[in-house]
Structures are given as C-alpha cells and as structure tokens.
Amino acid sequence: MRVRNSEARRAAGLEAYEHDGPGINGAFPAPSSVDDTTLQAYASACEWRRLNPTVWREWEKQALAHATKGQCFSMASLVQAARWKDRVNSNGEPVRVNNNYSPIWARMLAAEHPEVEPYIQMRHSKYAAFFDEGTGRGQD
C-alpha cells in the first residue's frame, strides 16, 4: 500500500515516517473525500503508533490470538485492556489512548494482518477511505 499523492502525504504528516505497514506508509488517503480534520486524526493515530510500539505489538498479538481461536473482537476491547496496565511510551511519558483513533487502528490491523479482518468488528467509517478496498471495509 502507498499514499496516493505527495500532497496528501504531506497533509497527513506521513513524510516523516519511514516505517513499513499500513497506517504509516501504507495509507490510501482520498484527498477529494477526506477533510483536513480527518487527515489530522489519521496522522495523529500514526504518530501515536510510532511512539507506542510495545502497545501496538501487544494489540497485534491479541488480535492474532482472537483470529486463531475464531473469536470476534473489537478494537475498543483492545484499547480498554491497554488502559488497565501502567505503561510509558518511547519518550518515557505515560501512555494515553484516544478512543477516536480506534477505527483507524482497527483498519491498520486488518490491513497488516488480513487473517484478522473477518473477526475484528468495524462499523462504517470515514477512515476506510485511507485503506485499499478489501481491507478496513467496515461492517454495518
């Protein structure tokens, strides 16, 4: 996956990230249908992920475990579980998790780990425009 154009990439603040995977270099912003607020939220979710790699890896493990067992789950449940633990990010600051980024992170997980997609519960979201068709599709 790649960002569609350099203007959208700059607007989302993605030029600063040189990591692999959806949600960092793996987005598909649709500049004609995505407003500035949505782009900013997406960039903030990517930045949070970059600053909290330990939490992200734990979410990946939990999501893969649910998928292996054939259990449905939501990103909200993973977010709540992360709040139960006392953590610090890569800057040594306490980890704070913003619920508003859950739809983005759910789609990142589904895009990076296609085996998770059938089990992660997602609603329709404006953030689906950032991802390839077939991943992060949203369910009603």
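Author: This is a predicted model, and we can begin with its largest pocket, to whose lining α5 gives the most, with four residues.

Reader: Which helices each supply at least two residues of the lining of the largest pocket?

Author: The lining of the largest pocket consists of 13 residues, and those nearest its centre are Ser 102, Pro 103, Gln 121, Met 122 and Arg 123. By class, this lining has five nonpolar, six polar and two charged residues. The helices that each supply at least two of the lining residues are α4 (75–83) and α5 (102–112).

Reader: What is the volume of the largest pocket?

Author: Rolling a probe the size of a water molecule over the atoms shows where empty space is left. For the largest pocket, the volume comes to about 230 Å³.

Reader: Is Cys 46 buried or exposed?

Author: A residue counts as buried when its relative accessible area is under 20%. Cys 46 has a relative accessible area of 1%, so Cys 46 is buried.

Reader: And Cys 72, is that residue buried or exposed?

Author: The cut-off for an exposed residue is a relative accessible area over 50%. Because its value is 51%, Cys 72 is exposed.

Reader: How many disulfides does the structure hold?

Author: A disulfide needs a pair of cysteine sulfur atoms within 2.5 Å. By that criterion, the number of disulfides in the structure is zero.

Reader: How far apart are the end C-alpha atoms of helix α2?

Author: Helix α2 (residues 36–51) has 16 residues, which at 1.5 Å a residue should span 22 Å. The model agrees with this expectation, because the end C-alpha atoms of α2 are apart by 22 Å.

Notes:
Residues are numbered from 1 along each chain as its sequence is written. This is a predicted model: local features need pLDDT of at least 70, side-chain atom pairs count only at pLDDT 80 or more; totals for chains, interfaces and linings use all residues. Side-chain values use heavy atoms; hydrogens and water are left out. Buried means under 20% relative accessible area, exposed over 50%, partly exposed in between (1.4 Å probe, protein chains only). The expected span of a helix is 1.5 Å times one less than its number of residues. On a 1 Å grid over the protein atoms alone, a cavity is a set of points where a 1.4 Å probe fits but cannot get out, and a pocket is an open set with protein on both sides within 12 Å along at least five of seven lines; lining residues have an atom within 4 Å of a point. Grid points are joined across faces, edges and corners, and a volume is the space filled by probe spheres set on the points. Ala, Val, Leu, Ile, Met, Phe, Trp, Tyr, Cys and Pro count as nonpolar, Asp, Glu, Lys and Arg as charged, and the others, Gly among them, as polar.
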